[in-house]
Each structure stands twice: as C-alpha cells, then as structure tokens.
Amino acid sequence: MDLYHLFNSLSPSWTSAAMLFGFFLYLATVGSILPGKLVPGVTLSDGTRLHYRCNGLLSLLLLVLLLGVGSQKNLVSPTAIADRGLELLSTTFIFSVLVTLMLYLIGCNSRAKSSSLKPHVSGNLIHDWWFGIQLNPEFMGIDLKFFFVRAGMMGWLLINLSVLAKCIIEAKLSQSMILYQLFCGLYILDYFYYEEFMTSTWDIIAERLGFMLVFGDLVFIPFTFSIQGWWLLSNKVRLTKTAIILPITLSLLDLAGLKGTPCSEEPISKHMFKESQGTHMGSPQKLLEVACFWLLGHCTAL
C-alpha cells in the first residue's frame, strides 16, 4: 500500500460519519428502552450514586441479529465496516477530539457542585483536555463514560464480524481466523455477561472523562484490538497442532485467571465490585490481589 492510497483511505467521508452516528443512535435508543438490571454505582464523595442499566448483552445480540437479517435482505453490506476500516478509524478519531473539546468547554463553564459534575480545572489546557474535567458527564440523561466503553467493546466485535464476512466472501477463511474470531467473541460476550461489574472499575469510578478515556474506548479498543483480524485477512498462516492447542490453553488460563481468586470462586470483577460498594475501594491488600490476577489474566490473553 503506497502512501497516497493510505492517506486516501484515511480520509473521512459522510458515509463513515453516518455509520458512526447510526451506531451511536442505536446504542442510545436501545440502551434506554431494553430491559436490564439497574445497578447502583459506587458511593461518591458527596454521598450520591449513579445507577447503570446493564442491558449491553441484549443490545449486542439484538444488533447482530438486525445486521444479520439486513444482510440477508441486502439492506446492509456485511463487509461495510471492513471495506471502510481506515475511513471509520479517522472519523472516530476526529469525533473523539471534537467530543472531548466539547466536554472541556462545558466542564469549564459548569457551576455544578455534585461529585459527578463538579469541574476540576487545573488551568493547563492540555492536561484538562487529556484527563478530563468532570467525573460523570451526561448527555440527554446518558452517562457518557459508561456509554463510550460499551460502544468500544461492541465496535470491536462488529469490526471482527465484518472482517470475517469479507474473509468468507473472498474464500480466505483459515484456522487462524476461526481461532481469532472465537477467542475475541468469547471475550466480548463474557464482558457483556458480567457488564454490571464494569461499574466498579477504576475508569468508571475515579477517572474523569477526557480525551484519554474517550480515545481509549472508541478508537484504541475496537481498532487496535482488531489488528490481528485485519492482518489475517491478507496473510494466510498455516498452524501446526501445537500452534492450535497453545492459544486454546492460554485462552482457558485467561478465563480461569479472570474468574477466580486464590480464596474464592467468584469472578474477580465481582470480587472488586463488592469491595467498591462502600465509600472506598477496599483495603490495599485486596486491591493488590485483584490487580495481580487481573494482570495475569490479561497477559495470557496476549
């Protein structure tokens, strides 16, 4: 791929913007109307709590079903995302920059006193734009922090499925692609099955919403985590039996690492969730234990 073709592919278009807008509109709509467990977040410093409707798994399954039916009826192309990958990357990046600039301006002019919306302005524009000013900014009643991380995880699966469809259409399906799709699919489904425990993670309870989080959720997660799929689309890899068994074993270790602790059969995320239901995150020893096993699980995912 020459530089001209690369820069041309990176140029955003109205089509890619419409696809991104449609995706966000769907998530905002179904996230508000589909049934789901209403989970109380951690107690903030002013004694208040946010409540999160955890219907991500249902929203994801419904979206995949609708896209599958639309593909069968020739209403949507199953390879639309794969065909416009770099376009969508640049469009999402631009959106991340613009939305965080808006968050910065709104935060600077906020007079709110609540823990969720109280502005934390350092006076350094870059610092405040990067790390954010408000803890839990909202838009039309939607908690943006929880919304963006949900969008990023779903976007990762949608990219993978579109790459898979392109792979099948071009008769390039391989064992490597099947394994990659299987492992990523299981990971994402597992995430949404335990979505309520996301409400106790550090990103949600402590980080203010700035470019760092918005970019991480909307750009880094879906477009970086799917690099393997893009690569396998253009490169065929023949796997030996050992090469097939090894990633399966590591994946099982990953699931075991994420689901268990030395003294409990509960998922680690649930363990952390319980510790964070008070006004603090638990003892340093408990946090260290959770962090070590979380790190072990994510290292095996590599």
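## Salt bridges

The count comes to 6 salt bridges. A salt bridge here is a side-chain nitrogen of Lys or Arg within 4 Å of a carboxyl oxygen of Asp or Glu. Side chains of opposite charge can pair when their charged atoms come close. The model is predicted, so local features need pLDDT of at least 70 and side-chain atom pairs count only at pLDDT 80 or more, while totals for chains, interfaces and linings use all residues. Residues are numbered from 1 along each chain as its sequence is written, and side-chain values use heavy atoms, with hydrogens and water left out.

Take Lys-37 and Glu-196. Their side chains meet in a salt bridge at 3.2 Å, N to O. Lys-37 lies in strand 1 (residues 37-40), and Glu-196 lies in the loop between helix 8 and helix 9 (202-205), so the pair ties together parts that are 159 residues apart in sequence. Glu-196 is buried, with a relative accessible area of 18%. Buried means under 20% relative accessible area, exposed means over 50%, and partly exposed is in between (1.4 Å probe, protein chains only).

## A charged network

Glu-170 takes part in a salt bridge with Lys-166 (3.3 Å, N to O). Lys-172 also meets Glu-170 in a salt bridge, at 3.2 Å, N to O. Glu-170 counts as partly exposed at 34% relative accessibility. Lys-172, at 38%, counts as partly exposed. Salt bridges that share partners join Asp-83, Lys-166, Glu-170 and Lys-172 into one network.

## Overall build

The protein has 14 helices and 4 strands. Helices (H or I, at least four residues) and strands (E, at least two) are DSSP runs, numbered from the N terminus. Of the 302 residues, 42% count as buried.

Contact means heavy atoms within 4.5 Å. Among contacts between residues at least 6 apart in sequence, 75% join residues at least 24 apart.

## The nonpolar core

A nonpolar core is a set of buried Ala, Val, Leu, Ile, Met, Phe, Trp, Tyr and Cys residues joined through side-chain atoms within 4.5 Å. The largest one has 49 residues, and Phe-23 and Phe-148 have the most contacts inside it. Helix 7 (residues 144-169) gives the largest share of this core, 14 residues.

What does Phe-23 touch, leaving aside its neighbours within four places in sequence? Phe-23 is in contact with Leu-63, Ala-151, Met-154, Gly-155 and Leu-158.

## Helix 3

Helix 3 (residues 56-72) has 17 residues. The expected span is 1.5 Å times one less than the number of residues. That gives 24 Å, and the end C-alpha atoms are 24 Å apart, which agrees. After the helix comes Asn-74, whose phi is positive, near 60°.

Which residues of helix 3 are buried? They are Gly-56, Ser-59, Leu-60, Leu-63 and Gly-70. These residues cover an arc of only 100° around the axis, which puts them on the same side of helix 3. The arc is that of the directions from the helix axis to the C-beta atoms. Their cover includes helix 2 (14-33), strand 2 (51-54), helix 7 and helix 8 (175-193). The face turned away from the buried side carries the exposed residues Leu-65 and Gln-72.

## Cysteines

How many disulfides are there? The count comes to 0. A disulfide is a pair of cysteine sulfur atoms within 2.5 Å. Cys-54 counts as buried at 14% relative accessibility. Cys-167 counts as buried at 0%.
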